[in-house]
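Okay, thanks for making time, everyone.

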Amino acid sequence: MTEETKPFEPVMIGFTCNWCSYRAADMAGISRMKYAPNVRLIRLMCSGRLDPTFVFKAFAGGADAVLVSGCHPGDCHYATQNYKAMRRFYLMKRVLNQLGIESGRIKLLWASAAEGQIFANEITKFVEEVRALGPLNWNKTSAEIPVETKEEVTA
Amino acid sequence: MSSEDKKPKERIGVYICHCGSNIAGVVNVADVSKWAGDNLANQGVVVSRDYKFMCSSLGQELIQKDIKEQKLTRVVVAACSPHLHEPTFRTACKGAGMNPYLCELVSIREQDSWVHTDKIAATEKAKAIVAGGVSRVVHHEPLIPLKVPIHPATLIVGGGIAGIQATLEIADAGFPVYLVEREPSIGGHMAQFDKTFPTLDCSACILTPKMVLVGNHPNVTLLTYSEVQKVDGYVGNFTVTIRKGARYVKTADCTGCGICWEKCPKKVIDDKFEAGLGYRKAVYTPFPQAVPKYPVIDDINCTYFQKGTCKACEKFCPTNAIDFTQKDEIMTVEVGNIILATGWDLFDARRVPNYGYGRLANVFTNMEFERLSNSAGPTGGNIVLRDGKTTPKSVGIVHCVGSRDKNYNNYCSAICCMQSLKFAHLVHEKTGATVYNFYIDIRTPAKAYDEFYQRIIEEGTLFVRGKVAEITDAARNPGEEGKLIIQVEDTLVGKQRRIPVDMVILSSGLEPRAGSKEVAKTFGISCSADGWYIERHPKLDPVATMTEGVYIAGCVQGPKDIPASVAQGAAAAARILGKIQQKEIALEPIRATVIEEKCSGCRICNTMCPFSAILFHEDTMVSEVNPALCQGCGTCVAACPAGAITGTGFSNEQILSQIDGLLLLTLDKKKEAAVA
């Protein structure tokens, strides 16, 4: 029973852009702000690079939640690409929901390079939210099924 | 996806940095290193080490030795943020004959040891991050940086002392400079000051020779009364659109004789240069030593523009230089690098209502005092009350107005202590009045600054340690009638005091320019939460920004005094000169490429690109990315429904494998749980 009482620790993948949100994570580090250790970050050049496949892959690979973050609207290093990420985000949220994954397992976070504190706080908050949702209710065997990448589809 | 299906094709070295105790204090580095060696061998890890400081020359030599002896084909370094040491480790790998882009730096410091306290969880996370890096690095490709020529010209925005210094450094080295200034003259705030601390040189006397040099320099194109509208391109090749405001004066014909502003009948309160204490005309130069010498007609106040008649300036101009038909001019210039030196705004003292500025006549701001004390100012340098004639017998100087105050700005404005001490000296010298300085802490941390403070104490200025609560004209005690009473808790004595004075000077702090966020957007750089521009590294790279080719100098980076602004201006210029001398610059080869055979010609990507880097070939019906225009954001890669676009450095294989690696431990655990 002692195993059972241990709180559930979700595993999360976070996608950050090179210019704002990854720098926000760096800022949180430089300022020694503390946040929950559940998220592992992947640096992309821009949130616009976020291929929905990445999100599905993360869930398929065992992640309990996915964080998508980029520059604030209007602040994108590449002019407007974070708007494209935002549109994809809402679509992904819907598709995930149709697949039976709670929409609370994916989160969009805008963070500027100066907002280390916001970044840290939001991660801790997100971890708590996902902890409340519990482990991803994914068919155990389907974790073994590789997600087809677009390349494989067209090849 | 089973791990034992084939022999790994790469030979990978994994290096875990202790960073002294920065990483090793939280993450069990030996455990991570051993785990990577044991568990990631199937992915090709042949050597896994941990070392005290990987970035030290010994650490780098360790990697280089392994590359040569162990015939490594890939390197993963787990240390600090790639924004700090990615170039270091890439260069180290290059030195050992490896393509630098086959090295991956993953952050276990900023994103792990520095932000987590649970050592077990942090160690697990470090393992996941290392596994992610190893899985990713397998798919790295050797890349060659793109070389592009650097345009030798430089754009400098802001003609204050920082911008002037930078302009002269670059122009003297023989390269063209476009200096853009919003006001009719260069000079900035320094032109308004009376004396400079701690040497008490006359500010104009040391500034104006530099302004003249800029104005006459053959390599400088001075664009005053102008603003940058748009910046396109990238380091080495920026195209800048500048709007030159209509001066209504033909600069080719104007001699700067001054007859126009003598004859102009319209007086306007000069709230910029004279801080509202003096007047200028509707046609004016901000101050007599203005560079350039040509005046501008302020069309909002000019009688001709408002009512249709007057034209006095035109009638009297001896060279027919007035031209009421001038229009704003849009011009584009090509430059290789940019320096932003747009300076600061004064904190508006009206925002502190209890100090009474704007309500109590004899409460002055620091900028007003500079003009009062300046012999070229509206009072001819006489320090007098608002009535224009009474010399004050007692003066209170309030430090930290709007600074170090959580209601306004948290930061220290850096210059106010020294400036207030300077004011104390000037008041003493010119009026013999009793001077009180109300301070929270005195901060004089530069060469000859504290000596200046000691001198001011010896001169007899009275120092009261406490934050002023209120400035009022409501007399309560005898002797307070007709005075301004400063209510303050003297924290050294531990009691409330009411000090009656004739004049109060508020040392208002420095704030980022209004609109600095928009300017940052135009140039693609970031602001701190306060609005100051963020340097590439707070200690080691104080004048560069995260955007290649865009540099910052002076107060735009944070409050600082004249010597520090000059130093930054010169430093930014030196950085740029170094770049220009290289003649070409290596750009990160992060670019998108269309695989022609896979492209269906749907053109979805064409509309995705904000840089118009994707061309569509009507004849072959395929799209193509122009690598010179592509900035590498990767949005088209993600958008292509056929998967026909690949992005170097951040390919689908790299990211998907990194996800696999990051979740390797999780998957193992879930498998164990499933078996159990």
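So, how many salt bridges does the rule find across the interface of chain A and chain B? Three, where the rule wants a side-chain nitrogen of Lys or Arg within 4 Å of a carboxyl oxygen of Asp or Glu. There's also a salt bridge between the side chains of A:Arg43 and B:Glu86, with N to O at 3.3 Å.

Quick housekeeping. This is a predicted model, so local features need pLDDT of at least 70 and side-chain atom pairs count only at pLDDT 80 or more, while totals for chains, interfaces and linings use all residues. Residues are numbered from 1 along each chain as its sequence is written, chains are lettered from A and ligands numbered from 1 in the order in which they are written, and side-chain values use heavy atoms, with hydrogens and water left out.

Back to the interface. Chain A puts 57 residues into the contact and chain B puts in 62, contact being heavy atoms within 4.5 Å. Together they bury about 5000 Å², 60% of it on carbon and sulfur atoms. That's the accessible area (1.4 Å probe) lost on putting the two parts together, summed over both.

Next, helices in chain A. Helices here are DSSP runs of H or I with at least four residues, strands are E runs of at least two, and both are numbered from the N terminus. The axes of helix 3 (residues 52-60) and helix 4 (residues 81-98) of chain A come within 10 Å and cross at roughly 35 degrees. Axes are lines fitted to C-alpha atoms, for helices over the stretch in contact, with angles from 0 to 180 degrees between N-to-C directions. On the helix 3 side, the contact is made by A:Pro52, A:Val55, A:Phe56 and A:Phe59, and helix 4 brings A:Arg88, A:Met92, A:Val95 and A:Leu96.

Over to chain B, which has an open sheet of four strands, order 2-1-3-4, with parallel pairing; pairing takes at least two DSSP bridges between two strands. Strand 2 (45-51) and strand 4 (103-107) are the edges. Strand 1 (residues 12-17) and strand 3 (residues 74-79) of chain B pair over five bridges, and B:Tyr15 has B:Val77 as its bridge partner. Helix 2 (residues 57-69) of chain B packs on that sheet, touching strand 1, strand 2 and strand 3.

Last one: strand 11 (residues 226-234) and strand 12 (residues 237-244) of chain B run antiparallel, joined by eight bridges. In that hairpin, B:Gly236 takes a positive phi near 90 degrees.
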